[in-house]
Amino acid sequence: MATLKELRDVRLDKLRELRKLGVNPYPATVTRDTQIGQIHEKYDELEGHNVVVAGRILSIRQHGQLRFMDIKDSSGKIQLYIASDRLKSAKHANSELNFDEFSLLDAGDFVEAVGEVMKTKAGQTSVAVSRVRILAKTLRPMPSQWDGLKDKETRIRRRYLDTNMNQDVFERYIRRSKFWQATRDFLIREGFIEINVPVLEHSTGGADAKPFKTHMDALNQ
């Protein structure tokens, strides 16, 4: 099994190749006009219409002259249906990639896709892509979709991974955020003012504190 450094080196090579092509792998703008969840909720309205979606790549599969890419945003996931004859050219200056350049993408990267809402012969809701832009090239691989992220220490220390890999955890944070927002909105409507005060200590600290180091033997940190 490849080490993390080896996997990162491969992605760094792809990053350099993207830049050689004139592709900006970290563009500052996104033109998304539709969330993925809206496509599933309003499929009858959106079928046959062009949409612009954006999300994180979960998986990439190739079958001859077809590629299938699953992407995910905060509202859900969807399949991108990519045919080679519809993606022969690309504007590299706009961070676009053509069909043959998809080998430079990996699971975990962020992309934007323009295409028509449709269903495959198998009945899967998809977007038939006519243009793909890279939004962010990731340098570290995501945990395996099959194995998941189960180590409690890693889940607590790396919440960004936990919320990406475990949908129930992500939804729990959304509920918590909505709860506190609703509480705050109610208090503001009732005329309360939010003021930050120290609640864990009786005297302010920080500037007059002496720096020190701790060490945890179990983690050697």
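At 2% relative accessibility, serine 95 counts as buried, and its place in this predicted model is the loop between E3 and E4. A polar atom of the serine 95 side chain lies 2.7 Å from the backbone oxygen of asparagine 24. When residues up to four places away in sequence are not counted, serine 95 touches Val23, Asn24 and Pro27, and also Val132, Arg133 and Ile134.

**The nonpolar core**

The largest nonpolar core holds 27 residues, of which Met69, Ile71 and Leu80 touch the most other members. Helix H2 (36–41), helix H3 (43–46), strand E1 (50–63), strand E2 (66–73), E3, E4 and E5 each supply at least two residues of this core, and the largest share, 4 residues, comes from E5. Isoleucine 71 touches, apart from residues up to four places away in sequence, Ile36, then Val53, Ala54, Gly55, Arg56, Ile57 and Leu58, then Gly76, Lys77, Ile78 and Leu80, and finally Val111.

**Two loop residues**

Serine 74 belongs to the loop between E2 and E3 and, at 49% relative accessibility, counts as partly exposed. Leaving aside neighbours within four places in sequence, serine 74 is in contact with Gln35 and Phe170. Serine 74 and glutamine 35 are 39 residues apart in sequence, while their C-alpha atoms are 8.2 Å apart in space.

**Salt bridges**

Side chains of opposite charge can pair when their charged atoms come close.

| Arginine 16 | Aspartate 13 | 2.5 Å |

Arginine 16 and aspartate 13 both lie in helix H1 (residues 4–20), where they are 3 residues apart, about one turn of the helix. Arginine 16 is partly exposed, with a relative accessible area of 46%, and aspartate 13 is likewise partly exposed, with a value of 43%.

Aspartate 109 lies in the loop between strand E3 (76–83) and strand E4 (110–119), and lysine 137 in the loop between strand E5 (125–136) and helix H4 (152–157), so the pair ties together parts that are 28 residues apart in sequence. Both aspartate 109 and lysine 137 are buried. These two residues also belong to a network of salt bridges that links Arg11, Lys14, Asp106, Asp109 and Lys137.

Arginine 184 is partly exposed, with a relative accessible area of 36%, whereas glutamate 194 is exposed, with a relative accessible area of 57%.

**The segment after H6**

Isoleucine 195 is found in the segment after helix H6 (167–189). Its relative accessible area is 63%, and isoleucine 195 is therefore exposed, the limit being over 50%. Together with Ile193, Val197 and Val199, Ile195 forms a nonpolar patch on the surface, and the accessible area of these residues together is about 480 Å².

Alanine 218 lies in the segment after H6 as well, and alanine 218 is exposed, with a relative accessible area of 75%. Between alanine 218 and glycine 22 there are 46 Å in space, C-alpha to C-alpha, and the two are 196 residues apart in sequence.

Notes
Residues are numbered from 1 along each chain as its sequence is written. This is a predicted model: local features need pLDDT of at least 70, side-chain atom pairs count only at pLDDT 80 or more; totals for chains, interfaces and linings use all residues. Side-chain values use heavy atoms; hydrogens and water are left out. Patches are made of residues with over 30% relative accessible area and no salt bridge: like charges are joined within 9 Å, nonpolar side chains (Val, Leu, Ile, Met, Phe, Trp, Tyr) within 5 Å. Accessible areas come from the Shrake-Rupley method with a 1.4 Å probe; for residues, only the protein chains shown count as cover. A salt bridge is a side-chain nitrogen of Lys or Arg within 4 Å of a carboxyl oxygen of Asp or Glu. Buried means under 20% relative accessible area, exposed over 50%, partly exposed in between (1.4 Å probe, protein chains only). A polar contact is a pair of N or O atoms within 3.5 Å; within protein, one must be able to donate a hydrogen and the other to accept it, and residues adjacent in sequence count only if both atoms are side-chain atoms. Contact means heavy atoms within 4.5 Å. A nonpolar core is a set of buried Ala, Val, Leu, Ile, Met, Phe, Trp, Tyr and Cys residues joined through side-chain atoms within 4.5 Å.
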